[in-house]
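Me: I would like to learn how to read a few features of a protein model. Please take them one at a time.

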Amino acid sequence: MMRPAAQQYVVTRPLYSEESFAQDHEKIYRHRKTMLDHIKQYFTCDAKRAKSTALSLLPVIGWMKAYRFKEWLLGDIVSGVSTGLVAVLQGLAYCLLASLPPWYGLFSAFFPVIIYFFLGTSRHISVGPFPVLCLMIGSAVTRLVPDEGPAFNITGFEGLTRDEQRVLVASSVTFLAGVMQLAMGVLQVGFVVMYLSDTLVSGFTTAAAIHILVSQLKFVLGLEVPGISGPLSLIYTLEIIFNKITSTNVCDVVISIVIMVVVFIVKEINERFKSKLPVPIPIEVVMTVIACGVSYAFDFKTRYGIDVVGYIPKGYEAPVAPNPQIFQETAVEAFPIAIVGFAVAFSVAKVYSIKHDYTIDGNQELIAFGVSNIFGASFRSFAASTALSRSAVQESTGGKTQVAGLLSAVIVMIVTLAIGFLLEPLPKSVLGAVIIVNLKGSLMQFREIPYLWRRDKADCVVWLASCIGAFLLGLDLGLAVGLGVELISVILRTQFPRCSLLANIRGTDIYKDRKDYISIYEPEGVKIFRIPSPIFFANIEFFRNKLVEAVGFNPLRVLRKRNKAVRMIRKLLKKGKLQWTSIGLLNTSCGPINESEDESNMEELDQPTDFKDFPARIDWNAELPANIAVPRVEIHSLVLDFAAVSFLDISGLKGLRALLKELIRVEVEVYIVACDPYILEKLHDCSFFDDEVQSSMFYLTLHDAMLHILEKHPEPIPKKSDYEKVKKSNKHNIQGVFDILLLEILLNKFIRVPPNAVSLLLLL
């Protein structure tokens, strides 16, 4: 749609280069802080900063002062009770993923929540077990303490049962992951989570969902399948399941199918009518209570051989110290656990902070989860993060602050201390079925593949790499593969950017890719080259090659050819075989002149062309005498658009300087436009400029540079009288040809004359 004329603008201002703009407009001097200044500021302490630090380290002080008891307390109580019931069930279920006795999941739903209440900045996430982290911990647990065969030779395993050994491994891994998170938070490196893109996390969690699904098949089918870790563990597990498929417990299968169907249907009802329901129906809790009652009434364990939760001890166990030897064995697994746990929790927290209009601090979140995991690991809990489904329950049931989280921990504590025995007859197949149903959202992420392929193929490759890597190699190596592919994709996009030649859109000061528009204006002898990326060591050669391709010649090759030609002309002038005349060089020799290949002093060929002993400069685009051949340069000006160049390293600086010198030495005027002020300042600091490469080549905008070029090299405008002369001349010539042909036909009819004789006479 055409814009109305009233929305047009007209600006009249001087034509600015960077130097002239700096002369006309004074800049404000700003003191740049040095590294020493930052260190001094970091360690400076006063009353205001001490108060700010205390509030940042204990965010509970800030939001508790503003707590609205009348408006928020009831919602937090309802949310806390609802979330607590879900946390009990998920704690028992997700503990199976970690290959630990189920009641330890209750510890993970209690201790980290208490710490996060005081240190966390999110008001809505529910802290506790997260299935992907549980599976990653289970991988480390089964590697050190396998189901079959002896455990690793680790000091501290002596006299412990297999379950106690596994708990020690899980708590030690959790402790180490917490130390890593705390260290990253103290060092203010919370930005590392930004390297985990949404695409990478989506592919990774999809593969994790497949791992979780396969790991729960043994509970759903009632099979005894040993835990397997490492690359291709998923394939080996499926192989064992298929080999034992004939030993399936039918009762477990029936219970699982009923649970999955009912939970799935009710969850769909909750989703469809969430605006009308005051609170979501806690169907997992309801079905768990029913399954417990039915299992106890009909004694499923004895009559059908169903595996149940079993004995749940009352109370909490004494704190335990982590095992340093386990740290050495599991450091590789602990780091991705720390990163993934924080990344998932931060992503969910960011969603709710935007929705409810408050801020969260990534570094403080790292500290909160680090301390939560360190404290929880001391009481035998495993790594905590947040589950989206549990956080959704806490937020949707009216939770306003972490008071709801604290009340959910109280519910978990009541179950642990008083009524845990009621869950002893619960079939593990029920827990497996609940876990599988909750995987729907993660498994449905496969639908993103066609969308990503249509929109961004590089992102699609990252998704597939992270998913396939995690599927085949395991979650820890798969995350590394996905991160590696993601970084490679970023490097390739930066190293091989889409460079383009620009042209002016007629009647405007706008310049676009010349391939995309019809009504464009390109002055003869001018090229505008745009590079949309930083210039650094990895892409400087690509930048050079693309520029050479765009201008149509290699400046270094042209320079060497010219210097060779000058060297040869100088020799021929001395020998008298060439003579300098008013119209140029004249060949005075009778025979052809053979070009001699003089390879001495090759480094001189890269220097500026020397015309000091010539009476005039050589016109390189004119015909040269004898067989001297030099590639022609069809352009006189080159404009480099640096608007998208965000930084320039030393290698890029050196390469750019060498390229500019080569272009200048073959008599091409180079202009650099829209350069970032910090890059320009860096060029001055690095002694970039000299007698050849001068700061006057930098212009404020692309249009300023083009106006300067057109002023310096005006295009010839044909006069109207010239067009009329050409038109009349062409008209007379055509008429004369017709007259000659007509006369020739008449004469040939009456008089015999040689063919074309009349034409020849008339032309003479």
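Reply: Start with exposure: buried means under 20% relative accessible area, exposed over 50%, and partly exposed in between, with a 1.4 Å probe and protein chains only. D357 has a relative accessible area of 70%, so D357 is exposed. The model is predicted, so local features need pLDDT of at least 70 and side-chain atom pairs count only at pLDDT 80 or more, while totals for chains, interfaces and linings use all residues. Residues are numbered from 1 along each chain as its sequence is written, and side-chain values use heavy atoms, leaving out hydrogens and water.

Me: Where is D357 placed?

Reply: Helices (H or I, at least four residues) and strands (E, at least two) are DSSP runs, numbered from the N terminus. D357 lies in the loop between α15 (324–356) and α16 (362–378). D357 is not a glycine, yet its phi is positive, about 60°. Q188, also not a glycine, has a positive phi of about 60°. The loop between α9 (162–186) and α10 (198–221) holds Q188, which is partly exposed at a relative accessible area of 44%.

Me: Is strand β9 enclosed or exposed?

Reply: Strand β9 (residues 637–641) has 5 of its 5 residues buried, so β9 is largely enclosed by the rest of the structure. S637, V639 and D641 are buried on one side, and L638 and L640 on the other.

Me: Which strands pair with β9?

Reply: Two strands pair if DSSP finds at least two bridges between them. Strand β6 (residues 526–530) runs parallel to β9 and is joined to β9 by 5 bridges. K527 is opposite L638 in this pairing. Strand β10 (residues 669–673) is also parallel to β9, again over 5 bridges, and V670 of β10 is the bridge partner of L638. From β9 the chain passes through helix α26 (residues 650–665) to β10, a right-handed β-α-β crossover. Right-handed means that, with the strands pointing away from the viewer, the path from the first strand over the helix to the second runs clockwise.

Me: How does the span of helix α24 compare with what it should be?

Reply: The expected span of a helix is 1.5 Å times one less than its number of residues. Helix α24 (residues 540–551) has 12 residues and should span 16 Å; its end C-alpha atoms are 17 Å apart, which agrees. Buried residues of α24 include I540, F542 and F543. Contact means heavy atoms within 4.5 Å, and among the elements covering the buried residues of α24 are β6, β9 and α26. After α24 comes G552, with a positive phi near 90°.

Me: How are aromatic pairs described?

Reply: A pair of aromatic rings is described by the distance of the centres and the angle of the planes. Rings of Phe, Tyr and Trp (its six-membered ring) pair if their centres lie within 6.5 Å; planes under 30 degrees apart count as stacked, over 60 as edge-to-face and the rest as tilted. The structure holds 28 aromatic pairs. In one of them, Y104 and F107 have ring centres 5.4 Å apart and planes at 85°, so the pair is edge-to-face. Y104 and F107 lie 3 residues apart in helix α6 (residues 104–108), about one turn of the helix. Y104 is buried at 6% relative accessibility, and F107 is buried at 2%. The rings of F375 and F379 have centres 5.2 Å apart and planes at 55°, so this pair is tilted. Ring pairs link a cluster that includes Y104, F107, F375 and F379.
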